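Welcome, and take a moment to look over the model below. We will walk through it together, one place at a time.

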Amino acid sequence: MSSPSQNTLKIGMIGFGRFAQFLAETMVNQGHSIRATSISDDTDLRTQLGILFFSKDMIAFLESNNDVILLCIPILSASQVIKSIPFHALKQPVLFADVLSVKEHPKDLLQQVVPQDSDVLCTHPMFGPDSGKDGWKDLTFMFDRVRIRNEVTCSSFLQIFESEGCRMMEMSCEDHDKLAAKSQFLTHAIGRVLSEVEVEPTSIDTKGFQKLIEVKESATRDSFDLFSGLFIHNRFARQQLDNLELALKSVKQQLIKRMNEELDQSINTPNN
Ligand code: NAP
């Protein structure tokens, strides 16, 4: 693997949806050269950012001497996309990185198929175009150096996030998925439940209720495919969903029990 000159990287993005475009903007501002390949082609945006676009031409994309290949694809497409990469077209070893919101799944896939002389870095920026619209300072960036030999390229890539002020959090993909099931997946699940019961703002909203509305709105802004991916490809999510279901039943039982106790008390208390 060659070393990038003066910390500027040639970054090839596979998948150029909303999140990839959001990342690309900062990367371009930092002086990195971005190339992309995706299914659809947002010509206006890539022209505006000066991005070299390889429309569905994966061979030409892989031959274009990237230092880093960054996977920004939906979780549910990861297996199909990663397994169909024509790795033989690579001219040199590359750092393969991903930003998927689950981590064990892409790690397993990349370890299976990425050529031995290329490196693997699994990451999850814990923010998106909404939470990161005013900059990335103090926002968390999780990463797992799964297989790194070219330290220069890896640290130049991590530097993109470090230099924007991100809180860099190194942890295993397994630990990430355990924590994300308890935090991100749970938030999405509760947001979806709130949407099912059709919670809407009222004229007498409390601050707490306004926060609930925010949870519902942010969960439903993301696609159901993303939510499904967080569930299907995080082996710890099922337990959290079961816990949530049991917790709701338990709270209901506690209330019914208390109500019955109150009723018994009022029946057994003689009137003055
Ligand atoms: P998205 O809007 O669905 O974009 C995914 C991109 O991948 C699209 O450009 C899509 O093309 C492309 N794609 C799908 N299948 C492909 C294929 N077979 N070959 C090449 N490109 C393909 O999703 P996103 O919101 O940008 O998120 C991308 C990833 O980032 C997800 O894994 C998500 O978990 C992760 N992430 C997202 C956020 C966030 O806030 N959004 C934050 C952290 C991490 P088309 O547009 O033509 O379908």
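Let us begin with a pocket whose lining draws at least two residues from each of α7, α9 and α10 (237-268). Helices here are DSSP runs of H or I with at least four residues, strands are runs of E with at least two, and both are numbered from the N terminus. This is the second largest pocket, with about 340 Å³ of space. Among its 16 lining residues, Ala189, Ile190, Val193, Leu241 and Leu244 are the closest to its centre. α7 gives the largest share of this lining, six residues. A pocket is an open set of points on a 1 Å grid over the protein atoms alone, where a 1.4 Å probe fits and protein lies on both sides within 12 Å along at least five of seven lines; lining residues have an atom within 4 Å of a point. Its volume is the space filled by probe spheres set on the points, which are joined across faces, edges and corners.

Before going on, please note that the model is predicted: local features need pLDDT of at least 70, side-chain atom pairs count only at pLDDT 80 or more, and totals for chains, interfaces and linings use all residues. Residues are numbered from 1 along each chain as its sequence is written, and side-chain values use heavy atoms, leaving out hydrogens and water.

Now turn to the largest pocket, which has a volume of about 1500 Å³. It is lined by 45 residues, and Arg18, Phe19, Ser101, Asp222 and Leu226 are the closest to its centre. The largest share of this lining, four residues, comes from α8.

Next come the charged pairs. A salt bridge is a side-chain nitrogen of Lys or Arg within 4 Å of a carboxyl oxygen of Asp or Glu, and the count comes to 14. In one of them, Arg235 pairs with Glu104, their closest N and O atoms being 2.6 Å apart. Arg235 sits in the loop between α9 and α10 and Glu104 in helix α5 (residues 104-113), so this pair ties together parts 131 residues apart in sequence. Arg235 counts as exposed because its relative accessibility is 52%, while Glu104, at 15%, counts as buried. For these words, buried means under 20% relative accessible area, exposed over 50%, and partly exposed in between (1.4 Å probe, protein chains only). Both residues also belong to a network of salt bridges that links Glu104, Glu174, Lys178 and Arg235.

Finally, find Arg258 and Glu262, whose side chains meet in a salt bridge (3.6 Å, N to O). They are four residues apart in helix α10, so about one helical turn separates them.
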